[in-house]
Every structure is written in structure tokens, then in C-alpha cells.
Amino acid sequence: MISAAQFEKEIELIISNAVREDVGDGDHSSLACIPESAKGKAKLLVKDEGVIAGVDFARRVFKAVDPDLIMDVQIKDGERVKRRDIVFYVEGSSRSILKAERLVLNGMQRMSAIASKTAEFADRLRGSNTQILDTRKTTPGIRALEKWAVKIGGGENHRFALYDMIMLKDNHIDFAGGITKAIDKTEKYLKEKNLDLKIIVEARNLDEIKEILRSEGVYRILIDNFNYEDTRKAIGLIDGKCLTESSGGITLETAAKYADCGVDYISSGSLTHSVHNMDLSLKAI
């Protein structure tokens, strides 16, 4: 993953772009009927069940919109919530609360859904040595929020983007002329560019596992779309020489079985691309 400083910058960009997109030249609805001096208070009300995520994001949004807004947090990121729970109160300029409302809700509803699904996977893997990973199958423009939510839900982040890790998948391998050529070219490229990036290589069958193992410097092997039996055979062949990751349509129902095969990681795009937003409301008091 990217550095903490770069991650913070991504969050700042998301917030500034979202405010630009939503507010434009002004919240004319509020400007028209709410006096500039009006003060108000609102609560973040839960109308669903799951794991809450985005409380710290909401704090940053409120601060960006109006540094004088005050949050009183009742439930922290990563805690389980139920209907009618109150996550936080926010107090200050009524106009500012209304300006920030939709951005806070959009972010928290999406993040909470992702954290809740990630927590389900983490629960299924509890007791094993396997961790759940996200992917790059994220919503354009808000990847940092979605990967943040995965961490809150108890998962781990895969690479952030194309630039922070090498991942040689089937198309790279085929275009490069095979696994060995792809790895050799990659290692030469990294040396020439003086780049320190980990290399992951995808395997489509056991023969490809064997070929990958003939090359040094591979950080992790992606065991893609293998059944349980072949996954166990792959783990036996790899025998701790590098880390392992299973992927390819793995569900809540099958995750524990892949963990039983001995893989280090399971990656699932469904953490971010197949969730339904948690129902939350920001209600004036």
C-alpha cells in the first residue's frame, strides 16, 4: 500500500473534489432560508445493522467545510451498530451542517457497507492464518475511502494502484511471451528504474506454479481460480518459498475452505464492488 502521507493526500483530494461537485458556487437552498447566524445540532442515526465506518472521515469533512463545527462521537469506527443507534452529534452553524450532510452520508453509508462485508469475511477466517484482501475493483475517485473501510472492517489492503506493486497477471504473461520472460523483464525493468516494488505473479495451473518457483524474487503467487484440491497441491509445491493468495469468485461460503488449504491471503473484489449502502440519516435535533 501507499505511504500514510500519500493516503492522507488522497483523502484530502476526495473531500475537496466532493465539496466542489456538490456545493459549487453555494448551497442556495440553505442560503435562501437559513440565517447566517443560525446555530443547530444534528445526530447521525443508524437505520440498519453492521459495522460503522467513516466517523473519522466525517470529522475531516466537517472540519473542511467549517472548522468551528463540533463533533461528539458516541460510537467509533469499527464498532457494530444496530437500528436507532446514534453514532455522533454535530453542532455549530446550521448552514455548515447542511452543506456537509450529503458528503458525510454518502461516504459513511458506502464505507459502513464495505466494513460490514469485510467483517463477515474476517469472521469466517477467524482461527486460521489467512487474511482477507481487497482489490482494485473500486469506485473511481474514492478508492482511498473504500480501502480505508476494508481496514476498519478487519481486512488488509492489497496494492493501492498500478504504481505501488508489480502484479503479473494472465494478460501480462501472455503478452510478454510466458511466465519466465515476464518475470525476467520485470526484474530488469525494476533494476534499470531503481524501483523497489514487490512482485506478484498469477498462476492458472500447477505447471505455472512450478515455473514461477524457478524464478527468484517473487513476493507472492496468486493462485487464481483453483479448486480446493489443486490449491492444497499448490501450497505444497510452494512450501513457504513465498507468500500465497487465492482469488477468483471466492465467497463467504467458500472462504473458510480456501483458508483450510493453507493460503496466506484471500482476495475478493466483492468487498468493494458488491455491497449495499448502510442506511444512515443525519437528523436535525
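## Ground rules

The model is predicted, so local features need pLDDT of at least 70 and side-chain atom pairs count only at pLDDT 80 or more, while totals for chains, interfaces and linings use all residues. Residues are numbered from 1 along each chain as its sequence is written, and side-chain values use heavy atoms, leaving out hydrogens and water.

Helices (H or I, at least four residues) and strands (E, at least two) are DSSP runs, numbered from the N terminus.

## H4 against H5

Two packed helices are described by the angle between their axes and the distance between the axes. Here, H4 and helix H5 (residues 143-152) pack at about 40 degrees, with axes 7 Å apart. (Axes are lines fitted to C-alpha atoms, for helices over the stretch in contact, and angles run from 0 to 180 degrees between N-to-C directions.) That makes H4 oblique to H5; angles under 35 degrees count as roughly parallel, over 145 as roughly antiparallel, 65 to 115 as roughly perpendicular, and the rest as oblique.

Who touches whom? In contact (heavy atoms within 4.5 Å), Gly107, Arg110, Met111, Ile114, Ala115 and Thr118 of H4 meet Leu145, Glu146, Trp148, Ala149, Val150 and Ile152 of H5. Sorted by class, that's eight nonpolar, two polar and two charged residues. (Ala, Val, Leu, Ile, Met, Phe, Trp, Tyr, Cys and Pro count as nonpolar, Asp, Glu, Lys and Arg as charged, and the others, Gly among them, as polar.)

## H8 against H9

Helix H8 (residues 206-213) and helix H9 (residues 228-238) have axes that come within 10 Å and cross at roughly 15 degrees. That makes H8 roughly parallel to H9.

On the H8 side you'll find Leu206, Ile209, Lys210 and Leu213, meeting Asp230, Lys233, Ala234, Leu237 and Ile238 of H9. The contact has six nonpolar, no polar and three charged residues.

## The two pockets

A pocket is an open set of points on a 1 Å grid over the protein atoms alone, where a 1.4 Å probe fits, with protein on both sides within 12 Å along at least five of seven lines; lining residues have an atom within 4 Å of a point. The largest pocket has a volume of about 370 Å³ (the space filled by probe spheres set on the points, which are joined across faces, edges and corners). Its lining has 20 residues, with Thr135, Lys137, Lys169, Ser267 and Gly269 nearest the centre. By class, three are nonpolar, 10 polar and seven charged.

The second largest pocket holds about 280 Å³. Of its 14 lining residues, Ile14, Ala18, Glu21, Leu103 and Ile142 lie nearest the centre. Helix H1 (4-23) and helix H4 (94-125) each give two or more residues to this lining, and H1 supplies the largest share, six residues.
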